[in-house]
Amino acid sequence: MENTRELIYFDNAATSWPKPERVYTFMTEFYRATGVNPGRSGFDLAIEAGSLLDRLRLRLTRFFGGDEDAPERLCFGYNATDALNLIIAGTLAQGDHVVTTNLEHNSVIRPINHLVRDGGVEATFLPFDGAGFIDPDGIAKAIRPNTKLVIVNHGSNVIGTIQPVKEIGRICRERGVTFAIDATQTAGVVPINMKEMNIDLLAFTGHKALMGATGIGGLCVGKHVHLRQTRFGGTGVDSIEPYHLEGYPWRMEFGTPNMLGVASLWAGQDWLDEQGVRNIHAYEMKLATKLVSGLRQIEGVRLYCCESLTNHLATFTLNIDGLDAADVGTMLDVDHNIATRTGLHCAPLVHMQLGTIDIHGGVRFSLGAFNNEEQVDVAIGAVAAIARWNAGRKRKGMVQAASA
Ligand SMILES: Cc1ncc(COP(=O)(O)O)c(C=O)c1O
């Protein structure tokens, strides 16, 4: 797990980079040899391509602890946003209520807001506590007779907290409400078992900790879950049918699949099997612990929701008192060659709750499997230098104001 590149890449929550070497190699080899449109009936190459697609369905169903006897319910799409739209639109109808949280990404907030504005749906957004967690009791209290869906971000892409989804799922089961998780930030770095964690629907993206390419993601639909069809088109089979097929996987798949993405996810799974999801998380958290404890010593640095790093991803956000987040990000980039992500991180409700909207959000550090301790030391030094410069600037401003 080392990265000898000069750039220090701490933007893994946006997309993991670099990918394991085997992902690049397999994508190229597979696409050269088998890059045809997959099909169940047809010539050998098409069957071979379709075989990888179907084997990946089963492999990911197992990976997520879904219903292994129904791997066709693991459906591929563009990314998590795509899957979350299918989940939200396929579950909610006029008169329904949805419970969700302030931790959500816009890929959950916006589809829900559209249904609230245009589709007669009601929504409750629950706040997180001071440490960044959703209280399962709060979910229980928010459930109403017309609640059809509870949807929760498993791991925050801003503050990195991992939510108690098993407990939330248990409550949903008891109350007969469908429970969906956005596993965008956790898939590949936190073990997930849909059955054990009472999860009915899971949305994932391929290009983050699953180590795949951009443009592939999907959803895993529990065997007992009914998702309404909300999109239609070609399926490659049963072309005579005037309507989109109701059976899985076609029910939730539309048009030609992203086979390059499928190949990337397959090789990503090989790498994850080899490394072990728990080991990857432990390694990232070792780095995160070092980084957070170093940053804590720096005067003027404000870290959000990482007092404890238990139930945490190696993702966290900071600000430097008196500085705009975007300016800190630019200094890290230009002066220190460190890539972070500044702004609202597509999660405006998190920043509203943190009170960081007026300073344009925060500076997010998200560590990955290819970061190392040396890079962490450089980052601590860089933030310390910016904070020192800022303190000096403030002192100078005060002296000038006093002598004016
Ligand atoms: C928590 C969360 N949900 C959903 C998404 C959307 O993922 P994608 O852009 O791959 O659709 C992201 C992207 O960063 C995210 O962090």
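In this predicted model, helix H6, residues 165-175, lies across strands S5 and S6. Its direction makes an angle of about 160 degrees with that of S6, which covers residues 178-182.

Both of these strands belong to an open sheet of seven strands with mixed pairing, and the order across the sheet is S2-S8-S7-S6-S5-S3-S4. The edges are taken by S2 (74-77) and S4 (122-126); each has a single partner strand, so one side of each has no neighbour in the sheet. On average, neighbouring strands of the sheet are turned by 20 degrees against each other, with direction ignored.

Strand S3 (residues 97-101) runs parallel to strand S5 (residues 147-153), and the two are paired over three bridges. In this pairing, valine 98 is placed opposite leucine 149 of S5.

Now the chain as a whole. Eleven helices and 13 strands are assigned in the chain. The C-alpha trace spans about 85 × 55 × 35 Å along its principal axes. Of the 404 residues, 55% are buried. Among contacts with a separation of 6 or more, 70% are between residues 24 or more positions apart. The accessible surface amounts to about 17,600 Å², and carbon and sulfur atoms contribute 51% of that area.

The charged side chains come next. How many salt bridges does the count give? The count comes to 20. One of them joins aspartate 11 and arginine 341, with an N to O distance of 2.8 Å. This pair connects distant parts of the chain, 330 residues apart: aspartate 11 sits in the loop between strand S1 (8-9) and helix H1 (21-34), while arginine 341 is in strand S12 (residues 341-343). Is aspartate 11 buried or exposed? Its relative accessible area is 5%, so aspartate 11 is buried. Arginine 341 has a relative accessibility of 40% and therefore counts as partly exposed.

A second salt bridge is formed by arginine 57 and glutamate 253, whose closest N and O atoms are 2.7 Å apart. This pair also links distant parts of the chain, here 196 residues apart, with arginine 57 in helix H2 (residues 44-63) and glutamate 253 in the loop between strand S8 (217-221) and helix H7 (259-275). Strand S8 is also a member of the seven-stranded sheet described above. Arginine 57 counts as buried because its relative accessibility is 3%. Glutamate 253, at 13% relative accessibility, counts as buried too.

The pair formed by arginine 117 and aspartate 118 is a further salt bridge, with the closest N and O atoms 3.0 Å apart. What is the exposure of arginine 117 and aspartate 118? Both residues are exposed. Elsewhere, salt bridges with shared partners connect Lys286, Lys290, Glu373 and Asp377 into one network.

Note on methods
Residues are numbered from 1 along each chain as its sequence is written. This is a predicted model: local features need pLDDT of at least 70, side-chain atom pairs count only at pLDDT 80 or more; totals for chains, interfaces and linings use all residues. Side-chain values use heavy atoms; hydrogens and water are left out. Two strands pair if DSSP finds at least two bridges between them. Helices (H or I, at least four residues) and strands (E, at least two) are DSSP runs, numbered from the N terminus. Axes are lines fitted to C-alpha atoms, for helices over the stretch in contact, and angles run from 0 to 180 degrees between N-to-C directions. Contact means heavy atoms within 4.5 Å. Buried means under 20% relative accessible area, exposed over 50%, partly exposed in between (1.4 Å probe, protein chains only). Accessible areas come from the Shrake-Rupley method with a 1.4 Å probe; for residues, only the protein chains shown count as cover. A salt bridge is a side-chain nitrogen of Lys or Arg within 4 Å of a carboxyl oxygen of Asp or Glu.
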